Amino acid sequence: MSHSRPVLAISTAPLWRHSLEDAFAVIKAVGGEGAEILVTQDPDTQSADNIRRLSDRFDLPVVAIHAPLLLLTRNVYTTDPVEKIRRTLELSRDLEVGVIVLHPPYLWQVKYSLWAIHELEEAMAGTPTMITMENMYPTHVGARRVGFHRFLTLESLKRFPHVTLDTSHLAVAGEDIVDAYRQLADRVVHVHLSDNRGRGRDSHAPLGDGILPIPEFVRSLDNPNLRSVALEVNPGAAADDRDTLERVLGSSLEMLRSNIPTAPHPGSS
């Protein structure tokens, strides 16, 4: 299936309290064109057969798989981040998914840091899978801003061939989201799109419910390297009410769809 623009997908990450089947049903109901799967404690998210069954049933391609590198998923697969990535890569190959999303190493994860610097590119060799590094942000500790992750700056992300750009994370880091994309556009293959309410927190707000210039950012996404954009919005209390959840996600998806450039990419038809 070829597109004249990136696939407009929705991440299951903010829907982690729902079953994977329900998450697929919501994504389909609101008009999403694909799903990004966050691997969690839910066995369905770890099973290629179950993901494939749901993808086929709802006619929703899986555009990316997010490795279980969050605190929420610290015990999924194993506690070793390199082994987590290996298992995620295995899952992505089984499903023929082209993008894996990683969080950068924490400062104390020396083994993972060395793997990211010296072995990440080798892990992609001979496969169409692109392993992407996602941008993170400093954390407020009292009045101080402390960076617990490595590769926090836009410049440091340029060491990686592929990047997932997260707009809420950019906001917390104090970056201009349009300028950040332009700096990294040659390597951004996937975007986590959400608004941010300011106040220095990673709010992942619905589009239009924050301070970010979302329409301007979306209109800037005209680089043919970009394969997919996944809404990663936190529905808050709406997550527990199906009708409200679908309205929140549907409204964000409409803002994305109405602003995304549609000029044909080279090689598309």
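Asp 179 counts as partly exposed because its relative accessibility is 38%; the term covers what lies between buried, under 20% relative accessible area, and exposed, over 50%, with a 1.4 Å probe and protein chains only. Asp 179 sits in helix 8, residues 177-184. Helices here are DSSP runs of H or I with at least four residues, strands are runs of E with at least two, and both are numbered from the N terminus. From Asp 179 to Ser 220 the sequence separation is 41 residues, and the C-alpha atoms are 9.5 Å apart.

Before going on, what kind of model this is. It is a predicted model, in which local features need pLDDT of at least 70 and side-chain atom pairs count only at pLDDT 80 or more, while totals for chains, interfaces and linings use all residues. Residues are numbered from 1 along each chain as its sequence is written, and side-chain values use heavy atoms, with hydrogens and water left out.

pLDDT is the predictor's confidence in each residue, from 0 to 100. The average for the protein is 93, and 95% of the residues score at least 70. Residues 264-269 fall below 50, and beyond near neighbours in sequence this stretch has eleven contacts in the model; contact means heavy atoms within 4.5 Å. Where pLDDT is low, the predicted coordinates should not be read in detail.

Now the whole protein. It has ten helices and ten strands. The radius of gyration is 17 Å, close to the 18 Å from the globule rule for 269 residues, so the protein is as compact as a globular protein of that length. That radius is taken over C-alpha atoms, and the rule is 2.2 Å times the number of residues to the power 0.38. The C-alpha trace spans about 45 × 40 × 40 Å along its principal axes. Of the 269 residues, 55% count as buried. Among contacts with a separation of 6 or more, 75% are between residues 24 or more positions apart.

Next, helix 1, residues 20-30. Which of its residues are buried? They are Leu 20, Ala 23, Phe 24, Ala 25, Val 26, Ile 27 and Val 30. These buried residues pack against several elements, including strand 1 (7-11), strand 2 (35-38) and helix 10 (242-259). After helix 1 comes Gly 31, with a positive phi near 95 degrees.

Strand 2 contains Leu 38. Leu 38 counts as buried because its relative accessibility is 3%. Leaving aside neighbours within four places in sequence, Leu 38 is in contact with Thr 12, Ala 13, Thr 45, His 66, Ala 67 and Leu 70. Between Leu 38 and Ala 116, which are 78 residues apart along the chain, the C-alpha separation is 20 Å.

Last, two loop residues. Most residues other than glycine have a negative phi. Asp 59, which is not a glycine, has a positive phi of about 55 degrees. Asp 59 belongs to the loop between helix 2 and strand 3. Is Asp 59 buried or exposed? Asp 59 counts as exposed, because its relative accessibility is 58%. Glu 96 also has a positive phi, near 55 degrees. The loop that holds Glu 96 runs between helix 3 (81-95) and strand 4 (99-102). At 74% relative accessibility, Glu 96 counts as exposed.
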